[in-house]
Amino acid sequence: MSRESNLDQLTNWLQARYHDQTEYLQATSEIARDVIDVFNANEAYKQYDVLRRLSVPERIIHFTVHWLNDDNQVEIHQGWRVQHSGLIGPYKGGLRFHPTVNESILKFLAFEQSFKNALTGLPIGGAKGGSDFNPRGRSETEIMRFCQAFMTELYRHIGPNTDVPAGDINVSGREIGFLYGQYRRILNQFGGTLTGKDISFGGSHVRTEATGFGLIYMLEAVLETHQTPLKNKVVGISGAGNVALHAALRATQLGARVVSLSNSRGALLNESGFSENSLTQAIETKDQHNNILKALSDDGHGDYQADASPWQLNMDIALPCATQNEIDEPAAQKLVDHNVRFLLEGANMPCTTRAHQVLAENKIVYVPGKASNAGGVAISGLEMSQNAAFRRDSYSDIDTTLKHIMRSIHQQCLQEGQRDGEINYAKGANIAGFRRLADAIVMQGL
Ligand code: NDP
């Protein structure tokens, strides 16, 4: 069968079943396009139908969460855990609490997670989960009660050797603490079933910083390959959460000038670059503010503009760190107009398919999230092994390991994605992740 017909067959098969799951179809078709030649060239991959099997999650758990708000009213939310692939280790991936959460978004995230986790070289499978619960505007007690009710449903599907959730949007140290407390209460077990825990009860050093720091370590490797230093580069960042702020901090510490941050309500701009102190303050106090960027602006650390874009200044490097599909075609064109030369994804799938085309047409070096934001899950993997061994490694050892892992992922991207002097990081990452998963399917049989 020809290259196109195998690709068409897969696309049509997925479309017919999941035609309303746009994010999931976008993610699966982007990877399929990149790996189809590798698939076609391998008889065992075809015999075991690995492409179709890797496209569909192994299991989807869908439950309802009932809980009491501060007014003693019952509230009802939906919860999911998508266990995409357990081929190379326990299912592993974050939980997201956001009103936009639905099955399509979690399926795309879990699918991407399996490829990302394969790139880390660690024994971790891929999963994602969450709820349409919106923590914004809720009291801390309501968030705690929601987390407890969510875990009361989820606990029977997870475990240190089965599935190990972590945080994602709106799920950070505080929520992981509440979720873990409930898990421990129900099972009377202290173990590594969740990662991103506080350091005082089994968390790992560097886990909170890992995704943002790892993104900057990947950026250093990419810039080295393109023979240009990070020092004095102008960097634009979207988002103002865990990933964005830690990326901004590490880039600033390494001599870059970070000129923008953003949230769903606007952007904070500062052409002279944020200071290390202001970024540290933002990291430490973000949970106490409804809008940390507005608070930074009020303290004289930049100009906060409601409904503004973080991509309106000239910059060398763009790091989208907010959410999926935040960079559409006009936003990509804006990046081109502002002289961006490198774009590395901190968020998962922040660029639309049309945005990718604009970036490629304008020769912007592009690194996909599954390679550039893998630092978080890599350190989660190390948290699991520390928990299993009742051990805690030092901050500097883990930071060094994080650098090694990001460089190893960079190397895999070059190995699979470099042809005739051109580097296609997306294709390289997709093929490297695909080979590890596909080989595991073949070796494990049907
Ligand atoms: P946080 O919840 O800490 O922060 C999310 C940030 O993005 C907030 O500033 C939020 O603004 C902003 N945001 C959310 N939705 C939108 C939107 N529609 N438009 C503009 N801004 C928006 O999340 P994280 O930093 O943890 O995650 C950010 C991204 O990184 C996600 O794509 C996540 O999947 C990915 N990621 C996270 C990892 C981690 O370790 N945390 C690991 C790998 C990937 P507001 O407060 O106004 O909502």
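**Close-up 1: S85 in strand β2.** S85 sits in β2, the strand spanning residues 74-85 (helices, H or I, of at least four residues and strands, E, of at least two are DSSP runs, numbered from the N terminus). This is a predicted model, so local features need pLDDT of at least 70, side-chain atom pairs count only at pLDDT 80 or more, and totals for chains, interfaces and linings use all residues. Residues are numbered from 1 along each chain as its sequence is written, and side-chain values use heavy atoms, with hydrogens and water left out. S85 counts as buried, at 2% relative accessibility (buried is under 20% relative accessible area, exposed over 50%, partly exposed in between, with a 1.4 Å probe and protein chains only).

**Close-up 2: who S85 touches.** The S85 side chain gets to the backbone nitrogen of L87 at 3.3 Å. Skip the neighbours within four places in sequence, and S85 is in contact with E58, Y91, S114, G125, G126 and L437 (contact means heavy atoms within 4.5 Å).

**Close-up 3: N170 and its positive phi.** N170 isn't a glycine, yet its phi is positive, at about 65°. Most residues other than glycine have a negative phi. Look for N170 in the loop that links β5 (163-167) and α7 (173-187). N170 is partly exposed, with a relative accessible area of 34%.

**Close-up 4: D307 and its positive phi.** Here's another non-glycine residue: D307 has a positive phi of about 60°. D307 belongs to the loop between β9 (303-306) and β10 (317-320). With a relative accessible area of 73%, D307 is exposed.

Key. A polar contact is a pair of N or O atoms within 3.5 Å; within protein, one must be able to donate a hydrogen and the other to accept it, and residues adjacent in sequence count only if both atoms are side-chain atoms.
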